[in-house]
Amino acid sequence: MDVDEVIDALYAAHPSGFTAARAEAAARAKKEDGPQAARRFTALRRPTLAAWACNLLVRSQPEEAEQFLQLGQALRTAHHTLDGERLRALSHQQHVVIGALAREAGRLAGEAGSPISEPVVREVERILYAVLAGPQAAAEWASGRLVRTPEPEPRFPEADPDAVRAAAAGADRGGGTDAGAASDADHDGRPEAARAAAEDAEETAVAREEELREADGARRTAVAAAADADAEATRLGREAERARDVRDRAYAAVTEAEARHRDAGRAAKEARDAATAAQDHLRSLRTPRKGAPG
């Protein structure tokens, strides 16, 4: 038994069947390879829908997944070196790529027979943001065996002290190779990387507020749908009660009709028996008795 191959198949399948498939795989592994192999399966945890969609994405689009991992490495490097221009370019790119990959994960889930809701797509986006920010989250995601949304990194990697000192010195001089960037840093008292990070954070906050509004709209729609469903259930319950009454009356009518049919059958039999007896008696009267005068 190829344990890793079976584990990959478990995380590629829909989470609804994960527990049963894991138990079956553990039993098979114990029989074929022993208790240690079985314990590898019993230790596995069922993935969330968002994690499952990410696993589909990684397995179905390996080239795009590798490019996304490279984008995360580039972002972390740019934060470390305080490369403001690079940060601005990559920050814009990350939003575009994350949106495209989240939509692709939703498409793949639909093709697998289990379309995911908009909140789950948003959760996929949160996973992708975590993948860009932290190498551990990136490794979990790239494995294709993601279980849940990784813990978000509190921040990108610490800046290189030499890069910080160089940025500060450039700001103090008010010049350098990029006079415009230095002038901007003097204007607000922060290096370019910090301002880029702030702009990124503001954009993310706006996106989160939009998500909150969408979630509230979805909640209101769900509440209204639940109220409609409750009213429909009440109406159907009343109709079912009326149908039961009609059924009971029909059963009673059938029972009564069957009793009448039985009574009519008995009466018909009695009438046939009486008719037969009368005919026999008539024939006996018409037949001359032996010895009687002609």
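Analyst: We begin with a definition: a residue is buried under 20% relative accessible area, exposed over 50%, and partly exposed in between. The model shown here is predicted. Of the 294 residues of the chain, 29% count as buried.

User: What does the secondary structure of the chain come to?

Analyst: The chain has eleven helices and zero strands. Read from the N terminus, its elements run α-α-α-α-α-α-α-α-α-α-α. As for contacts with a separation of 6 or more, residues 24 or more positions apart account for 70% of them.

User: Against which elements do the buried residues of α3 pack?

Analyst: They pack against α1 and against α2 (18-33).

User: How is the packing of two helices described, and what are the values for α1 and α3?

Analyst: Two packed helices are described by the angle between their axes and the distance between the axes. For α1 (residues 3-12) and α3, the angle is about 20 degrees and the axes are 11 Å apart. Because angles under 35 degrees count as roughly parallel, α1 is roughly parallel to α3. The crossing of α1 past α3 is right-handed.

User: Which residues make this contact of α1 with α3?

Analyst: On the α1 side they are Val-3, Asp-4, Val-6, Ile-7 and Leu-10, which meet Ala-37, Arg-40 and Phe-41 of α3. By class, the contact of α1 with α3 comprises six nonpolar, no polar and two charged residues. Ala-37 and Phe-41 take part in this contact and are also among the buried residues of α3.

User: At what angle do α1 and α4 pack?

Analyst: α1 packs with α4 (residues 49-60) at about 120 degrees, and their axes are 9 Å apart. That makes α1 oblique to α4. Asp-8, Tyr-11 and Ala-12 of α1 make the contact with Trp-52, Asn-55, Leu-56 and Arg-59 of α4. The classes here are four nonpolar, one polar and two charged residues.

User: Is Val-58 buried or exposed?

Analyst: Val-58, which lies in helix α4, counts as buried because its relative accessibility is 10%. Leaving aside residues up to four places away in sequence, Val-58 touches Ala-65, Trp-141, Ala-142 and Gly-144. Sequence and space can also be set side by side: Val-58 and Leu-146 are 88 residues apart in sequence, and their C-alpha atoms are 10.0 Å apart.

User: How do α7 and α8 pack?

Analyst: α7 (residues 118-133) and α8 (residues 135-142) pack at about 125 degrees, with axes 5 Å apart. The two helices are therefore oblique to each other, and α7 passes α8 in a left-handed crossing. Ile-127, Leu-128, Ala-130, Val-131 and Ala-133 of α7 meet Pro-135, Ala-137, Ala-138 and Trp-141 of α8. This contact has nine nonpolar residues, no polar and no charged ones. Trp-141 of α8 is also one of the residues that Val-58 touches.

Key. Residues are numbered from 1 along each chain as its sequence is written. This is a predicted model: local features need pLDDT of at least 70, side-chain atom pairs count only at pLDDT 80 or more; totals for chains, interfaces and linings use all residues. Side-chain values use heavy atoms; hydrogens and water are left out. Axes are lines fitted to C-alpha atoms, for helices over the stretch in contact, and angles run from 0 to 180 degrees between N-to-C directions. Helices (H or I, at least four residues) and strands (E, at least two) are DSSP runs, numbered from the N terminus. Angles under 35 degrees count as roughly parallel, over 145 as roughly antiparallel, 65 to 115 as roughly perpendicular and the rest as oblique. A crossing is left-handed if the near helix is turned anticlockwise from the far one by less than a right angle, and right-handed if clockwise. Contact means heavy atoms within 4.5 Å. Ala, Val, Leu, Ile, Met, Phe, Trp, Tyr, Cys and Pro count as nonpolar, Asp, Glu, Lys and Arg as charged, and the others, Gly among them, as polar. Buried means under 20% relative accessible area, exposed over 50%, partly exposed in between (1.4 Å probe, protein chains only).
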